[in-house]
Amino acid sequence: MPTEILMPALSPTMEEGNLSKWIKKEGDAVAPGDVIAEIETDKATMEVEAVDEGTLGKILIAEGTEGVKVNTAIALLLTEGESEADLDKAASKPTAEASDEANDDAEQDEPEDKAGGSVPAAPEVKAAADPDIPEGTEMVSTTVREALRDAMAEEMRRDGDVFVMGEEVAEYQGAYKVTQGLLQEFGDKRVVDTPITEHGFAGVGVGAAFAGLKPIVEFMTFNFAMQAIDQIVNSAAKTLYMAGGQMGAPIVFRGPNGAAARVAAQHSQCYAAWYGHIPGLKVVMPYTAADAKGLLKAAIRDPNPVIFLENEILYGQSFDVPKMDDFVLPIGKARIHKEGKDATIVSFGIGMTYAVKAAEELAGEGIDVEVIDLRTIRPMDLDTVIASVKKTNRLVTVEEGFPQSSVGAHIASQVMQRAFDYLDAPVITVAGKDVPMPYAANLEKLALPSVAEVVEAVKAVSYRS
Amino acid sequence: MARAASKTSAARSRSTKKGAAGAAVQAPKPPKPEDFDKEQELHAYREMLLIRRFEEKAGQLYGMGLIGGFCHLYIGQEAVVVGMQMSMNDGDQVITGYRDHGHMLATGMEARGVMAELTGRRNGYSKGKGGSMHMFSKEKKFYGGHGIVGAQVPLGTGLAFANRYRGDDSVSITYFGDGAANQGQVYESFNMASLWKLPVVYIIENNRYAMGTAVARSSAETDFSHRGLSFKIPGIQVDGMDVRAVKAAGDLAVDWCRSGKGPIILEMQTYRYRGHSMSDPAKYRSKDEVQKMRSEHDPIEQVKQRLVANKWADEDELKAIDKEVREIVGDSAEFAQTDPEPDVSELYTDILL
């Protein structure tokens, strides 16, 4: 059977083109790579190259023909051992066949595809419950900073593949002292000072993770990680999927996130919603020292890329941490910080400071608020939120990030879709103001959420304002 | 740029980081290509021919609408990956950008799996979820296949970091093009690789055009072997159309890395015959230029002529190789068209472990 040479598509959107010129004539010998014809589309003139060796047996579409459909047979090629006699046999029906084929292909492009599948349901993610803390476990008052350090040190002792890299993590002992003492205990092979080169060392970390190491990449702040966000999103988050599960990046990106104090617009931004948007990432944002420790240990052990969002202001705050050999918390599980029955506040990270104070204030006015610390932004424990809403029928979210497409906005939409009938009032999302962070002290204060705003929001959803 | 220094940060005195300072690295002399023996010539011929025929077939399937999206062909550049592969040890890693089909075949990945990935089928290397630009093989130490220009350079540097961390003697072979060579993250990587003496061979495949922009129109320094100079990384220019020259430079470079001297750059001067991608009409260069490269410098033709001149293979034997390669490619194309698309359940798999 002679080989059909088909009208090629030059792009996925091309449907037809003009056959402007035949370079080879009937009877010419052709080798792979030889230009045999020129075709023309509205965008370009392109050369058609031969793929197989043989003799151009018959030209089926004359030069100058316009509107030749993609995949129409334009010529027949005789390969070794074939003669013109074979040509006659095959040539009786090529055009009809070709047009059928073209139609078949057009049909394949229809959305109701041959796979015949409707969109499968997204898998449900169920996080394990927090581990039991045995009766009588000693609770040690620990700063968030120490808790994070302890988590890294414990995991580095446990697993030689874990190392920490970043700016000033070693000899300087950490720009915010989170890595204090790690160099002394683990040496400069495992505690690696990098140049100021976020995009580069984020990528180096991901590459090391591809090779099976378990890097902890510290960003001096997540504001600087914007230089590295391509490596985080395109390389770390997507590779497992793009590799069909063959390889991924067991890596932790951590560092302070969000507004500190008086450092203005470029140094004061919350990335919870940004990273929360990306499939392939886990995003953790703890509030208490115990959560910081247990979740960072979990993040380091997790085989996936984890974004671990800390906060400079929280670093120095102390919380009780259970004294246990191996205190690991589940990623993806919210924590009910305070039970209540009248309204629910959901927050995370430093947002919890507003939530907790507002709840105390409201208790004095007879409103019993349930406060949920989300702890993990992705995967998000909406079940815990919805269970609470079903009980209190009122919801306020609190975060420092910008209001549009915020974490709170996502929670509100999910609650509306899954628990609309349980809501006695519209959800209110308390967030940072829709402005770059100002430097002036008074304006900065206004740009951030306040306890008063949270109190007011809870009263509003309770119709008691 | 204000680097936040918290109130808790104490000042400290600077100490010199060991290994960071030192005299400029003496660039090794470009090696003279050694003649291949019969076995090497035949191996190089077959491997390059496989890539060429595979790419021609991929171009054809693209034309038939069976391959979607972007498809960047490697035709013309075959000697680079084949010569380098002949210099490498089993544990050495390969990583590259989006013009990656040749690299995959050179590492020994199956033509079927690569072609089926191009057509988006379930037995493609990435189960059909990666496509032309995003393919991997853990088994063959092929770390992608990356669609973002230059992103593979820090990643490849990270592979080398892991080699050094583990104390094994593997080398990361990190490929990128003359276009990617102008990305900032390349130089961030050079700095760290040199600072930490990482075993990485940076291969700049200079095919003269970053998409449609000629090197001289995009690059202040067009000698890419000099691109590492301010990081004390030596570089060598190599005739990337001559597989013997590539192997000689590759041997030198991997030895350089394995002996603990840190990174090295090889600028492979090569040429792509086809457009940047399938939809590139290549109006930025003349047909004569392409034709001259094809007729005078073709990497496969060079080997073929030597095989014939040395009487190491006659026309029939070469035809037999051609036939074998054609069968592999034909089989891969057949497979890539009959293999089913991924099951719809795969939509939600491989996102998290």
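**Close-up 1. Residues of α2(B) meet residues of α8(B) in this predicted model.** On the α2(B) side, the contact is made by A79(B), V80(B), V82(B), G83(B) and M84(B). Their partners in α8(B) are V243(B), V246(B), K247(B) and G250(B). By class, this contact has 6 nonpolar, 2 polar and 1 charged residues.

**Close-up 2. Helices α2 and α8 of chain B cross at roughly 45 degrees.** Helix α2 covers residues 78-85 of chain B, and helix α8 covers residues 243-258. Their axes come within 8 Å. The crossing of α2(B) past α8(B) is right-handed.

**Close-up 3. Helix α3 of chain A is largely enclosed by the rest of the structure.** The helix runs over residues 144-158 and has 15 residues. From first C-alpha to last, α3(A) reaches 21 Å, close to the 21 Å expected at 1.5 Å a residue. Of its 15 residues, 11 are buried. Among them are V144(A), A147(A), L148(A), A151(A), M152(A), A153(A) and M156(A). R145(A), R149(A), E154(A) and E155(A) are buried too.

**Close-up 4. D132(A) lies in a loop of chain A.** This loop runs between α2 (94-108) and β9 (139-143). D132(A) has a relative accessible area of 69%, so it is exposed.

Note on methods:
Residues are numbered from 1 along each chain as its sequence is written. Chains are lettered from A and ligands numbered from 1 in the order in which they are written. This is a predicted model: local features need pLDDT of at least 70, side-chain atom pairs count only at pLDDT 80 or more; totals for chains, interfaces and linings use all residues. Side-chain values use heavy atoms; hydrogens and water are left out. Axes are lines fitted to C-alpha atoms, for helices over the stretch in contact, and angles run from 0 to 180 degrees between N-to-C directions. Helices (H or I, at least four residues) and strands (E, at least two) are DSSP runs, numbered from the N terminus. A crossing is left-handed if the near helix is turned anticlockwise from the far one by less than a right angle, and right-handed if clockwise. Contact means heavy atoms within 4.5 Å. Ala, Val, Leu, Ile, Met, Phe, Trp, Tyr, Cys and Pro count as nonpolar, Asp, Glu, Lys and Arg as charged, and the others, Gly among them, as polar. Buried means under 20% relative accessible area, exposed over 50%, partly exposed in between (1.4 Å probe, protein chains only). The expected span of a helix is 1.5 Å times one less than its number of residues.
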